Amino acid sequence: MTPDQQSALEALAGRHLIPGDTAVLDPLLDWDNRNDQAIAAHLSIGRTAIRPMLLTDIGLIGRLMESRGQQMAESILGKLKAMAGASELVEAARNKLRGVSGLDFGDASVRAQITALGQIPVGGFTADEVDALLALAVVPDPLSTNAVSDALNIAEGRMTLGG
Amino acid sequence: MAGQAIVMLGTQKTLASSGGSIANNAVAQASTASYDIAADGAYYPDADFVLTATFGTAPTEGTTLALYARPLDVDGTADTEAPEATRPTVFVGTFVVNNVTSAQTMTLRAYDVPTKADYYLHNNGTGQTVSSGWVLKVMPRTVGPAA
């Protein structure tokens with residue numbers, strides 16, 4: 001891997017490449033058989049992003065039961081109900097959950113509120129519950145093959161119609 | 001029957017005898033020769049392009065390699081600009097690829113090609129690299145009256 005290739009891939013991936021990456025990527029960067037799909041797949045391992053995730057109470061129950069089971073779903077909804085009496089913010093969030101559009105679990109302020117409710121010593125969410133709620137809006141964020149191609153073509157000095 | 005319409009073919013010419021590798025989204029010139037419909041094509045306006053190419057790793061089925069022309073001698077000896085990012089010049093057509101690693105031969109029929117041009121191959125999102133050694137040929141073609 002040339003320094004230009006490494007810089008291009010690091011900029012695209014948003015992280016430094018480690019020796020383990022180099023060992024995987026070097027054979028894929030062969031000039032005559034560059035495998036951009038495999039390069040993109042490797043760099044996409046573990047990449048996630050937070051996306052808008054509107055859920056109503058029914059949707060939330062479904063997602064939680066699917067990912068964490070009925071007990072956690074019951075626990076979270078019960079705590080929300082209990083905390084709503086003491087907090088206008090929780091009440092507002094609960095109303096959004098019961099509304100038509102639902103509550104956006106990818107919204108930064110909602111996520112901050114969920115985290116804050118995990119700090120309440122008595123009656124707040126457990127760490128697992130906070131994780132479960134925050135995970136609702138976390139989705140895979142793979143790099144596209146074309147993005148890898150465009151970055152590498154420029155780094156390698158190839159004539160390109162991409163980028 | 002004299003005068004009936006028939007297909008008329010000229011002499012095939014090699015535009016790239018051993019092209020360099022083309023990574024996904026990259027472009028390479030068929031640098032062996034240009035194609036001049038006057039000098040090479042008997043003034044036939046159309047052309048059949050034949051591309052033989054190999055991928056080291058199978059490309060995505062049904063994606064394409066696009067052919068572009070860079071018209072030459074458009075004002076005396078002045079040429080148009082070479083293709084580059086965001087300005088690929090004259091689009092000629094596409095070769096549709098198969099998801100195999102064996103050599104594949106693809107055809108493209110083009111109508112009313114530029115009078116004289118260099119040709120470029122664009123790896124248009126196959127996801128894989130076209131190995132060096134690809135070959136591009138062109139055969140002049142028209143429809144005319146039988147003798």
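How many salt bridges does a search of the whole structure find over all chains? The search finds eleven, a salt bridge being a side-chain nitrogen of Lys or Arg within 4 Å of a carboxyl oxygen of Asp or Glu. This is a predicted model, in which local features need pLDDT of at least 70, side-chain atom pairs count only at pLDDT 80 or more, and totals for chains, interfaces and linings use all residues. Residues are numbered from 1 along each chain as its sequence is written, chains are lettered from A and ligands numbered from 1 in the order written, and side-chain values use heavy atoms, without hydrogens and water.

**Interface of chains A and B**

- Chain B brings 26 residues to the contact and chain A brings 17 (heavy atoms within 4.5 Å).
- The two chains bury about 1,600 Å² between them, 42% of it on carbon and sulfur atoms; buried area is the accessible area (1.4 Å probe) that two parts lose on being put together, summed over both.
- Asn24(B), Asn25(B) and Val27(B) supply 27% of the area that chain B buries against chain A, more than any other three residues.

**Sheet in chain B**

- Four strands form an open antiparallel sheet in the order E3-E8-E5-E6. Strands are DSSP runs (E, at least two residues), numbered from the N terminus, and two of them pair if DSSP finds at least two bridges between them.
- Strands E3 (27–36) and E6 (90–96) of chain B are the edges, each pairing on one side only.
- Eight bridges join E5 (residues 64–71) to E8 (residues 116–124) of chain B.
- Thr64(B) has Asn124(B) as its bridge partner in E8(B).

**A salt bridge in chain A**

- Asp141(A) and Arg51(A) meet through their side chains in a salt bridge (3.2 Å, N to O).
- Asp141(A) lies in the loop between strand E4 (138–140) and helix H9 (145–155, a DSSP run of H or I, at least four residues). Arg51(A) lies in the loop between strands E1 (48–50) and E2 (54–55), so the pair ties together parts that are 90 residues apart in sequence.
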